[in-house]
Amino acid sequence: MGRLAHTRIMDAPVRVLNSARFARRQRLLEKLGLATVRDVLGHYPFRYNDFSQVTEIRRARIGEKCSVFGTVLEVSFKQPRPRLKIVEVVLRDSTGMLYASWFNQPWLKTTFKVGTQAFLLGKVEHSYGFKRMASPLFTVLDQDEAGGLHEGGEPEGGQSGRILPVYHACAGLPTAQVARVVNEALEATEGLYDPLPAACRARLKLMPLGAALRHIHRPATMEQRREARRRLAFDEVFFLMLSLKLKRAAAQKGIAPYAHRADGPALARLGSLLPFDLTDDQRQTIATLLERMCEQRQMNQLLVGDVGSGKTVIAAHALAVAYDSGFQAAMMAPTEVLVQQYVLKVGPLLDALLVPWASLTSSTPASARRKAAGQLADGTLSVVFGTQALLEPDITFKQLSLVVIDEQHRFGVSQRDALRAKGAGCDLLMMTATPIPRSLAQVLYGDLQPTYLRTRHQSVTTVTKLLDRSQVGIAYDAVRKAAAQGNQAYVVCPLIAQPGLQDDGPEGAGDIEGSFDSDARLIDTFTDLAELEGDEGLRAVEREVGFLARRVFPDLRVGLMSSRLSAEDKRTAMDQFRAGELDVLVSTTVVEVGVDVPNATVMIVEDADRFGLSQLHQLRGRIGRGSAEGAMFLVTKTRDDEALRRLRLLEHVSDGFELAEHDLRLRHEGDVLGSRQHGVGSLRLIRVLDDADLVAAADLETEALLRDDPCLAASRHWHVAHELAMRVGRAPEDDTGGAFGHAGHVAGGA
Ligand code: ADP
Ligand code: MG
């Protein structure tokens with residue numbers, strides 16, 4: 001086959017591979033998200049079991065971690081208790097026998113077949129007269145292809161130099177079979193053309209694509225794997241940046257950008273109306289912002305500022321400038337609660353400046369809505385605050401010159417673009433408290449330089465404490481004490497309603513809110529854990545509210561807030577809480593975004609391990625906003641060391657940027673930002689913090705390429721263009737979430 005044919009095979013359906021020719025196998029592969037050969041090759045091992053040092057079973061020392069290799073002699077399955085399932089395997093090599101057992105992973109009984117060869121890696125224990133391993137890592141060699149998992153030329157079934165890939169697998173398709181499909185995909189694409197320009201590859205000393213794919217799946221050494229990862233990680237950033245830059249260039253074509261003027265009366269008076277002095281940080285940010293708004297080009301500004309850093313007042317300045325320039329501005333927030341807050345805080349400022357404004361949400365009465373729509377269309381209204389309701393087609397503007405998107409990580413790209421489309425050429429200000437590190441911003445936003453606000457206005461500190469569920473009384477006491485002093489508390493739970501746990505399978509995990517709903521894997525883990533512990537699962541607001549009201553705080557006023565309430569009820573709950581008519585608000589992460597109730601001083605987060613660090617930090621920003629010190633209690637019942645270490649970071653680290661970096665290191669780009677973000681799902685290998693040099697290089701290389709050939713139309717760039725089309729054309733469409741937070745953590749690409 002010629003090179004082109006090999007390249008084409010990349011995007012052929014998996015059924016062209018021999019081991020995937022049957023529909024059943026195709027369905028299983030589909031479960032793993034593998035529909036094409038390209039998908040298969042991009043299904044990188046999530047771990048490698050390094051069996052390069054295999055110990056004979058006889059020599060395996062009790063108490064030490066080691067790896068053994070042998071033949072499966074026996075497989076048994078036991079269920080001593082309804083929620084305890086044990087798979088036990090007896091492994092034999094030429095020197096002895098070893099027992100291995102796994103708990104509550106019943107599918108393993110079919111993974112290990114008598115007579116197959118397997119590696120085990122774990123701590124050797126000794127009981128009932130035998131050496132044992134509990135839940136060791138393992139690799140089972142494919143029966144038909146004993147050497148199927150490693151490079152040819154190595155000793156068959158030998159015991160040296162083995163780095164075996166471990167793949168995400170599923171029931172019916174164990175890692176060994178995934179490995180076989182991958183091997184076939186590697187064979188089928190051997191000799192494929194490298195789409196990266198050779199000069200670029202040479203400059204960066206990147207290995208060819210074919211070699212990189214081979215080495216990431218079947219490394220001979222970990223060094224080889226590192227080099228392969230570097231190459232493939234570069235591709236991820238290179239093609240994502242390329243697509244975003246091309247898109248941006250296309251969007252700029254033929255539109256007339258607005259040039260605002262920053263010498264008008266509203267802006268001039270705004271400063272004197274503020275109840276506080278702006279910080280230097282804010283002043284500087286405003287100056288940069290206004291400068292960019294006044295340029296005769298479309299502004300794309302990202303403003304990153306920790307919770308409580310005072311972003312709203314910065315937006316207010318931008319609104320005043322749009323008004324002074326004779327145009328209109330729209331400010332969109334993900335929740336009604338936030339819109340309500342603008343109405344309360346920014347509304348009076350605009351009134352004083354004689355700027356006509358309105359707010360629009362899904363609960364705006366039809367008549368008011370019609371009136372606002374008419375006045376936006378004829379230009380009578382200069383500013384509108386709203387939720388996604390602003391995106392409705394009947395809302396049009398006479399001259400929309402500025403779009404502000406608050407808590408922008410809550411929106412999908414398409415939502416942001418939809419609002420922007422209502423004013424061709426308008427400037428865009430995106431605000432977020434999710435501190436996107438500079439290098440990731442560089443990937444996503446390219447030329448747009450983010451501005452960072454670092455000073456916070458929360459003058460008081462918030463003490464954060466990690467509690468085991470058994471110590472939750474400490475947190476309850478703090479709530480009681482706060483209430484006695486006239487302060488208020490939040491109790492945040494990960495779920496809305498209690499799931500009906502079932503014995504088999506992850507179904508019934510309940511209604512999950514916020515960034516959570518996108519991460520099905522977490523839910524699986526939790527059901528497994530719940531089964532193991534016989535626990536009732538995660539805390540859910542609808543149950544928690546009754547429990548707290550009746551059993552814990554019968555003397556306090558306890559209210560409920562969740563996205564399942566009607567808009568009316570949500571507003572009532574927030575109003576009551578703001579007015580001090582509730583002592584305790586039991587809520588989902590709805591309160592994560594921007595809610596400002598200075599009197600709230602205590603927050604309890606149940607099942608804190610279910611949340612990301614940045615998300616917990618955002619939640620923490622909801623308290624300690626007034627004059628009294630805040631206290632945040634992270635309650636968990638996890639025993640997982642890693643999870644506990646992660647949560648403990650919050651006890652020491654109060655800086656949102658630092659936490660975001662930890663979050664990025666501990667989780668992954670795609671998980672932190674949400675895989676629904678156009679293109680971010682393709683970021684699998686890149687670690688923007690550690691790979692800042694790759695990101696910078698990709699920026700330069702894409703820049704150079706587009707300078708040379710702005711539309712990638714030259715025939716010498718056919719392969720780049722083809723690769724780009726294949727990668728981007730298949731990126732998942734970003735999702736427009738529900739009106740209340742269900743958009744998850746969606747970051748934007750400009
Ligand atoms: P966020 O950046 O989280 O959206 P907000 O804009 O809601 O923060 O501001 C948080 C609080 O800080 C508000 O109550 C706001 O009025 C107050 N604030 C903003 N700027 C200042 C300032 N320069 N001095 C004192 N308080 C300020
Ligand atoms: Mg805000």
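Strand E17 (residues 462-468) and strand E22 pair in the parallel sense over seven bridges, two strands being counted as paired if DSSP finds at least two bridges between them. Helices (H or I, at least four residues) and strands (E, at least two) are DSSP runs, numbered from the N terminus. The model is predicted; local features need pLDDT of at least 70, side-chain atom pairs count only at pLDDT 80 or more, and totals for chains, interfaces and linings use all residues. Residues are numbered from 1 along each chain as its sequence is written, chains are lettered from A and ligands numbered from 1 in the order in which they are written, and side-chain values use heavy atoms, with hydrogens and water left out.

Together with helix H21 (residues 613-620), E21 and E22 form a right-handed β-α-β unit; a crossover is right-handed if, with the strands pointing away from the viewer, the path from the first strand over the helix to the second runs clockwise. E22 itself spans residues 630-636 and is mostly covered, with seven of its seven residues buried. Buried means under 20% relative accessible area, exposed over 50%, and partly exposed in between (1.4 Å probe, protein chains only). The cover extends to both faces of E22: Gly630, Met632, Leu634 and Thr636 are buried on one side, and Ala631, Phe633 and Val635 on the other.

Strand E15 (residues 427-432) is largely enclosed by the rest of the structure, because six of its six residues are buried. Asp427, Leu429 and Met431 are buried on one side of E15, and Leu428, Met430 and Thr432 on the other, so that both faces are covered. E15 pairs in the parallel sense with strand E10 (residues 300-305) over five bridges, and leucine 302 stands opposite methionine 430 of E15. Strand E14 (residues 400-405) likewise runs parallel to E15, and four bridges join the two. Methionine 430 of E15 is the bridge partner of isoleucine 405. A right-handed β-α-β unit is made by E14, helix H15 (residues 413-420) and E15.

Ligand 1 is surrounded by 16 residues, of which Asp277, Gln282, Gly308, Lys311 and Thr312 are the closest; a residue is near a molecule or strand if one of its heavy atoms lies within 4 Å of it. By class, this shell has three nonpolar, seven polar and six charged residues, where Ala, Val, Leu, Ile, Met, Phe, Trp, Tyr, Cys and Pro count as nonpolar, Asp, Glu, Lys and Arg as charged, and the others, Gly among them, as polar. Polar contacts are pairs of N or O atoms within 3.5 Å; within protein, one must be able to donate a hydrogen and the other to accept it, and residues adjacent in sequence count only if both atoms are side-chain atoms. A polar backbone atom of aspartate 277 is 2.8 Å from a nitrogen atom of ligand 1. An oxygen atom of ligand 1 lies 3.4 Å from a backbone N or O atom of serine 309. In the side chain of lysine 311, an N or O atom is 2.7 Å from an oxygen atom of the ligand. Taken alone, ligand 1 exposes 570 Å², and the protein buries 81% of that; accessible areas come from the Shrake-Rupley method with a 1.4 Å probe, and for residues only the protein chains shown count as cover.

Several loop residues were also examined. Leucine 173, in the loop between strand E9 (163-166) and helix H5 (175-188), is buried with a relative accessible area of 0%. Its C-alpha is 6.6 Å from that of leucine 28, and the two residues are 145 residues apart in sequence. Threonine 364 is placed in the loop between strand E12 (357-360) and helix H14 (366-377) and is buried, at 18% relative accessible area. Threonine 364 and alanine 389 are 25 residues apart in sequence and 9.3 Å apart in space, C-alpha to C-alpha.

Tyrosine 128 has a positive phi, near 50 degrees, in a residue other than glycine. Tyrosine 128 lies in the loop between strand E6 (125-127) and strand E7 (130-134) and counts as exposed, at 75% relative accessibility. Serine 135, also not a glycine, has a positive phi of about 45 degrees. Serine 135 is in the loop between E7 and strand E8 (137-140), and its relative accessibility of 36% makes it partly exposed.
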